[in-house]
Amino acid sequence: MKIRPLEAGLCRALVPLVHDWETFYRGRKESTSEEARSYLERILDEPSGGAVIVACEGEQILAFATYAILYPAPCRSGQLYMKELFVSPGARGRGVGKKMMKYLARLACSRGCSRFDWTAERTNPGAGAFYRELGARTVSEKEYYRLDGADLERFAGIPLTVPPKSESAPDPLITD
């Protein structure tokens with residue numbers, strides 16, 4: 001098994017795992033194969049600071065994780081924040097998730113990050129058990145906030161848009 005950054009040439013191979021992820025968290029497949037592939041390519045093209053890694057066994061992708069390095073963090077360092085870790089149902093229990101986490105921990109250390117953070121759904125107790133088994137602790141001193149859907153649009157004062165792959169959304173003009 002090899003862990004490596006996602007490249008445009010691997011986007012098509014990752015589509016089935018994206019569909020597994022949608023089904024696991026949403027109870028249904030939410031995108032066509034073309035929409036999922038286009039979305040993955042857009043993630044790679046946008047200057048978001050986010051990145052994707054994949055665990056491959058030959059041509060098959062077993063897992064993916066998304067992350068970003070955020071600043072500032074304690075001691076004039078960065079924080080590696082993992083947004084998502086998903087291991088294919090057939091690869092669970094084989095150490096794939098642990099290897100992905102170790103890869104990200106090593107990446108954090110090599111980039112001078114003083115911490116590695118992530119969240120997990122309370123409705124997924126298996127994830128919590130997995131992370132505690134790695135030695136992670138639950139952070140109770142933080143609160144997690146979200147604006148989404150209509151609340152996000154209302155606060156932003158503009159409708160939510162998803163740009164096509166070839167276009168980027170214009171920066172909204174902010175006036176007060």
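## Exercises on a predicted model

Ser-88 is buried, at 9% relative accessible area. This is a predicted model, where local features need pLDDT of at least 70, side-chain atom pairs count only at pLDDT 80 or more, and totals for chains, interfaces and linings use all residues. Residues are numbered from 1 along each chain as its sequence is written, and side-chain values use heavy atoms, leaving out hydrogens and water.

**Exercise 1.** Let's find where Ser-88 lies and explain why Ser-88 counts as buried.

*Solution.* Start with the loop between β4 (77-87) and α3 (96-110), which holds Ser-88. Helices (H or I, at least four residues) and strands (E, at least two) are DSSP runs, numbered from the N terminus. Next, apply the cut-offs: buried means under 20% relative accessible area, exposed over 50%, partly exposed in between (1.4 Å probe, protein chains only). Ser-88 has 9%, so the residue is buried. Finally, leaving aside neighbours within four places in sequence, Ser-88 is in contact (heavy atoms within 4.5 Å) with Leu-17 and Leu-62.

**Exercise 2.** Trace the strand partners of Cys-56.

*Solution.* Strands pair if DSSP finds at least two bridges between them. β1 (residues 2-5) and β2 (residues 50-57) run antiparallel, joined by 4 bridges; here Cys-56 in β2 stands opposite Lys-2. Then move to β3 (residues 60-73), which pairs with β2 in the antiparallel sense over 8 bridges. In β3, Ile-61 is the bridge partner of Cys-56. To finish, β2 and β3 form a hairpin with 2 residues between them, and Gly-58 in the turn has a positive phi of about 65°.
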